[in-house]
Amino acid sequence: MTTVATEPTPGLPLFHPKMLIRPAIAWITVLIFMIFGSDWMAHLSRHDVGLALFAWLFFVIVWGSFGVVHEAEELASLLGEPVGTLVLTLSIVIIEVVLISAVMLGAGDTSTLARDTMFAVLMIVLNGVVGLGLLIGGIRHHEQAFNLHGASAFLAVIIPLATIALVLPNFTASTPDGSLTSLQAVSFSILTIALYGLFLWLQTGRYKGYFVAPRADTDANEPAEPPPPARPPRKGEMAFHVLLLLINILPIVILSKSLAKVLDYGIAATGAPQSLGGIIIAMLVFTPEGISALIAIRRDELTRAINLCLGGAASTVGLTVPAVLAIGLLTGKPVVLGLPPASIVLLASTLVLSSLTFSGWRTTMLEGAVHLSMFAVFLVLVFSP
């Protein structure tokens, strides 16, 4: 079966003023913080000020992230799958890396922030979003089919990347605290970039068919039909949405520094677990993508949801590790990547469970319930390690 690309609907304007509401509010917030931010930051000891600033920044960044998701999805309709989903995933992960970098470059002990954020992303995505999605999909559709080849490829990359980044540092003899030597940091960064880069090359090239929905008239274990052609763009449409994507991302990048200061002070002042900072960053950047995945599952587009979830997990480790290790090497700040023993057990269980969940070509409510139980264990261990 060949899907014919549809022509763009004539008469619909490329630009609508509503498109600028999100970025306008974000840029106004940037301007306000440039003028008054220094004075406000000096009064963070007042709890009402700290909470108000955190709520304001959190809302603006999350709302701006939805704008990023919208523009990435517009590009997805022009680029086709799986390139479109890849644009969305990379846009969200860039925001995550910027937020982590902003916090790391601030004051205070941030040596475990990258580790905690990556671990939180893996738990939220692989257990929280996947579990809730499979539960919703099972209730609505009973069973859902997906492209087994794509899910297996994602897990084949996630498992070694997560092991090298979050488990191996605890078992090297060179350092006693889960950190890496300079040689190890450089070597592992190059290895991570090379492996993730090879995966992206194959995902968008030779094995593109592994990341699109399987044919409806065949077993999902059979190769999927070639991806449908992308919708032909109107003149200037591609450049227009790329520009809007940048306009939505830039204020988030700028505001991340202010949020980092508020977050760092709030955790120190309340005595909250250090890992809470990583969880907040993970929730901040992956809420829009998680909602997009759940909407796709509700529409019975499980392959797209898997591309979003597993692609987000792979991108998080593949891009965050080199970035934070480079910051550590350039600034001399310590970077601890090795997880505590209980977290290693939870990570290993999650990776094994994910491999089992996506080893067949259909999913049910049972897998969703099991993943959600693992997510509940993760939440308990945050506050009672």
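Predicted model: local features only at pLDDT ≥ 70, side-chain atom pairs only at ≥ 80, totals over all residues.
Leaving aside neighbours within four places in sequence, which residues is D116 in contact with? I looked this up and got Q274, S275 and G278, where contact means heavy atoms within 4.5 Å.

Residues are numbered from 1 along each chain as its sequence is written, and side-chain values use heavy atoms, with hydrogens and water left out.

**D116.** I found D116 in helix α4 (residues 113–141); helices here are DSSP runs of H or I with at least four residues, numbered from the N terminus. D116 counts as buried because its relative accessibility is 9%, the cut-off being under 20% relative accessible area with a 1.4 Å probe and protein chains only.

**Helix α9.** Next I checked α9 (residues 302–331), whose 30 residues reach 42 Å from first C-alpha to last, close to the 44 Å expected at 1.5 Å a residue; that expected span is 1.5 Å times one less than the number of residues. I noted a bend of about 25° at T320, with the proline P322 following within four residues. The bend is the angle between axes fitted to the seven residues ending at a residue and the seven starting there. Of the 30 residues in α9, 25 are buried. Just after α9, I saw that G332 takes a positive phi of about 80°.

Terms used
Helix = DSSP H or I, 4+ residues; strand = E, 2+ residues; numbered from the N terminus. Buried < 20%, exposed > 50% of the residue type's maximum accessible area, 1.4 Å probe, protein only.
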